[in-house]
Amino acid sequence: MIAKLSAAHERHDDMAQLVTYLFGPGRANEHEDAHAIAASTGLDLTGDPASLAAQLDAPRQLFGTEVKHGSVWTASLSNAPRDRRLTDAEWATAARTLIDRLGFGEEEGKAPCRWIAVRHGFSKNGNDHIHVAVGLVREDGTRASPWQDRVKASAVCAELERRFELIAVEGRRQGRGLPGYSRANAESAARRGRPEVERATLARHMRGAAVAAVDEEDFLRRLSSSGVVVRPRLDRQDGETVLGLSVALPPPDGTSPVRYGGGRLAPDLSLPRLRYWWGTSAGGTAGAAAVDPLGARATEPASSTEPASAEDGLARWARAATDVARLRSAARDRPLDDVAGWAGIAREVAGVFAVWSARAEPARPGPLARAADVLARTAVLDRPLRRGPNLRSAARTAASAPPSPSSDPAQAALLRELRLTIRVIHDAEAAQRRTAQAARLAALDLDLAPLEERMSAGRTARMPSARGIDTPAGG
């Protein structure tokens, strides 16, 4: 079972708009049988959407309580297409369990929140689901806190999987979940002229810069020079020490950028986790100097150190391939059940693909971007990865070596070594019984094969886009 929760920047105060949507036809007429299956005590479900919304929002209106980021909290719970169909009563139990575990009910003597759960039935993907809407102002006018709602919701889903004998989400027990992207996320990206969800692009940029960087200052410089708007979060006491980072893509329409903390993109992208990988526990003020508060570059871009000649470029590609081969050789001695160790290996390989994609697929994500995203599923853990051999040099080569027809065979050699490493990671995932991820890695190997063949033929590499239109490498 999967829970998708509203992020803070997605919350609002318009309960009427939400309830109208929940009981309406949906954006694509997908709501075939929308009906309430559970609600807070005393809520009259016989009225129209406007009446229901007024009841849900009554405590906020009565007490005039304001909630930072918005008083309307939403979540959806969905099971897998292959799961058995739950009854309305079972879905109602799921909704009430979620409400209780997140502290929105009458626990510990607190006044409850008002909420409603609506079942929509099967989506176009074949999964049954419900939506839960909660007013974050309690009956006594106090605010309810959704603190750690995602962590708590994940635990609820694991509990419901056991209770209702549903298919378990792979990797949850190991803390290896990635945030999902909804159709609303995709539609928002399309309206903003993005080829994909912004969080996916930002996560790749961060992961690539982190693998290529030698320290925090180098990371910030590389991230900023890649076009990402970076804003350090500074210690309030000294105003200089960097405690965290938020990242965003420059908005194409001149509006305010949508910012994300690194840890919200993926657990391994929080600043403390990145510092662990660089071997530092805290950043000083040097890192903050790499970007100004608005995210503008304050230093020369990392790509300014390109090789002076094509011959030097070929040599760098060859060294990069050798580095990957060495990492793979060392990985063969690692126990197959060393989850943190294999996550660290996948992190390095994902970083190489991420920076290579940014250089070779600038307009639209292609096979290199897909490789980075699939490997990230292995690299993500809710605890620090195990440090080992790094691919920093290979990532720097992929980020800065000049593309040219003569370098294609050398690039093919690197891609071949990366594909062989993907197969080793696949074997580890299969041994850990992460069958879905193992299948993704096997499909990824096949996805990259045509690209390697074109490079090996000595022709100018062309990256197939998501729409099937070839894009010349290097722009």
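Q: Why are helix 11 and helix 13 called roughly parallel to each other?
A: In this predicted model, helix 11 and helix 13 (residues 392-400) pack at an angle of about 10 degrees, with their axes 8 Å apart. Angles under 35 degrees count as roughly parallel, over 145 as roughly antiparallel, 65 to 115 as roughly perpendicular and the rest as oblique, so the two helices are roughly parallel. Helices are DSSP runs (H or I) of at least four residues, numbered from the N terminus, while residues are numbered from 1 along each chain.

Q: What makes the contact of helix 11 with helix 13?
A: Helix 11 contributes Glu 348, Val 352, Val 355, Trp 356 and Arg 359, and helix 13 contributes Arg 392, Ala 394, Ala 395, Ala 398 and Ala 399, where contact means heavy atoms within 4.5 Å.

Q: Why is the aromatic pair of Phe 219 and Trp 278 called tilted?
A: The rings lie 5.2 Å centre to centre, with 50 degrees between the planes. Rings pair if their centres lie within 6.5 Å (six-membered ring for Trp), and planes under 30 degrees apart count as stacked, over 60 as edge-to-face and the rest as tilted, so this pair is tilted.

Q: What makes Phe 219 buried?
A: Phe 219 has a relative accessible area of 0%, and buried means under 20%, exposed over 50% and partly exposed in between, with a 1.4 Å probe and protein chains only, so Phe 219 is buried.

Key:
This is a predicted model: local features need pLDDT of at least 70, side-chain atom pairs count only at pLDDT 80 or more; totals for chains, interfaces and linings use all residues. Side-chain values use heavy atoms; hydrogens and water are left out. Axes are lines fitted to C-alpha atoms, for helices over the stretch in contact, and angles run from 0 to 180 degrees between N-to-C directions.
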